[in-house]
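Keep your viewer open and follow along.

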Amino acid sequence: MTAARQPDFYGAIGVPDTPEGRFELVALHLYLALEGLRGTVPDAAGLSQRMIEIFVEDMDDCMREMGIGDLAVPKKVKRAAAAFYERATIYQSGVADVEDGRLAANLEHYALPGAAKRQDAERALANYVRAASSALAVVPFDVWVQSGAAAQLLDASASMIGQHSMIGKTET
């Protein structure tokens, strides 16, 4: 949650500060945390399962706090869990294929819908995800977030926004 709440996601990059936008960033960081566990922690499968259970419980709590009726909550939680698994699969294939623009396109589709996104925001967000994935192969997720590395990486990625268009303007 700490990593997903970094202000630059909502400000510099332009992820909508809505329940949907926050969900996308929580799902993205859950994916990163789960990927970071693979092969680095004993009983990674058990810990991963528990993290997913906590995610589902949190989605349930959030929906109830938002006033969603008791009968609708289980269906919405089930959809949220399915959405997470869909995104995790997509992000995993996108991170693996650095040359392909699918990761940026999928991040744009899910996390940056609408006109509020900044120019090159999807590229900056894809850069953040790839760099985070690499860092998390050697550093535990909680250490990565608490050390400030996540915020530094986001700041570096956010600084990419608009550079492509600015380069062209300064040359003329």
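## Val129 and its surroundings

Val129 touches Leu28, Leu32, Val95, Leu103 and Leu107, not counting residues up to four places away in sequence; contact here means heavy atoms within 4.5 Å. Val129 is found in helix H6, where helices (H or I, at least four residues) and strands (E, at least two) are DSSP runs, numbered from the N terminus. At 0% relative accessibility, Val129 is buried; buried means under 20% relative accessible area, exposed over 50%, and partly exposed in between, with a 1.4 Å probe and protein chains only. Leu154 is 25 residues from Val129 in sequence, and their C-alpha atoms are 9.3 Å apart in space.

Ser133 also lies in helix H6. With a relative accessible area of 19%, Ser133 is buried. Its contacts, leaving aside neighbours within four places in sequence, are Leu32 and Val95.

Residues are numbered from 1 along each chain as its sequence is written, and side-chain values use heavy atoms, with hydrogens and water left out.

The mean pLDDT of the protein is 85, and 91% of its residues reach 70 or more; pLDDT is the predictor's confidence in each residue, from 0 to 100. Over residues 164–172, pLDDT stays under 50, and the model has four contacts for them beyond four places in sequence. Where pLDDT is low, the predicted coordinates should not be read in detail.

## The nonpolar core

Which residues have the most contacts inside the largest nonpolar core? They are Ile13, Leu125 and Tyr128, in a core of 51 residues. A nonpolar core is a set of buried Ala, Val, Leu, Ile, Met, Phe, Trp, Tyr and Cys residues joined through side-chain atoms within 4.5 Å. The elements giving two or more residues to this core are H1 (7–10), H2 (19–37), H3 (44–65), H4 (73–96), H5 (102–111), H6 (121–136), H7 (141–146) and H8 (149–158), each of them a helix. H2 gives the most, with 10 residues. In soluble globular proteins, nonpolar side chains tend to be buried together.

## H2 against H3

Two packed helices are described by the angle between their axes and the distance between the axes. H2 and H3 pack at about 170°, with axes 9 Å apart. Axes are lines fitted to C-alpha atoms, for helices over the stretch in contact, and angles run from 0 to 180 degrees between N-to-C directions. H2 and H3 are therefore roughly antiparallel to each other; angles under 35 degrees count as roughly parallel, over 145 as roughly antiparallel, 65 to 115 as roughly perpendicular and the rest as oblique.

From H2, the residues Phe23, Val26, Leu30, Ala33, Leu34 and Leu37 meet Ala44, Leu47, Ser48, Met51, Ile52, Phe55 and Met59 in H3. This contact divides into 12 nonpolar residues, one polar and no charged. Ala, Val, Leu, Ile, Met, Phe, Trp, Tyr, Cys and Pro count as nonpolar, Asp, Glu, Lys and Arg as charged, and the others, Gly among them, as polar.

## H4 against H5

The axes of H4 and H5 come within 8 Å and cross at roughly 150°, so these helices are roughly antiparallel to each other. Here Glu86, Arg87, Ile90, Tyr91, Ser93, Gly94 and Val95 in H4 meet Arg102, Leu103, Asn106, Leu107 and Tyr110 in H5. The contact of H4 with H5 has six nonpolar, three polar and three charged residues.

Leaving aside neighbours within four places in sequence, Glu24 is in contact with Arg87, Tyr91, Tyr110 and Ala111.

Tyr10 lies in helix H1 and is buried, with a relative accessible area of 17%. Beyond four places in sequence, Tyr10 touches Ala4, Arg5, Val15, Pro16, Asp17, Arg22, Leu25 and Arg118. Pro74, in helix H4, is partly exposed at 48% relative accessibility. Pro74 and Met59 are 15 residues apart in sequence and 9.8 Å apart in space, C-alpha to C-alpha.

Conventions:
Predicted model: local features only at pLDDT ≥ 70, side-chain atom pairs only at ≥ 80, totals over all residues.
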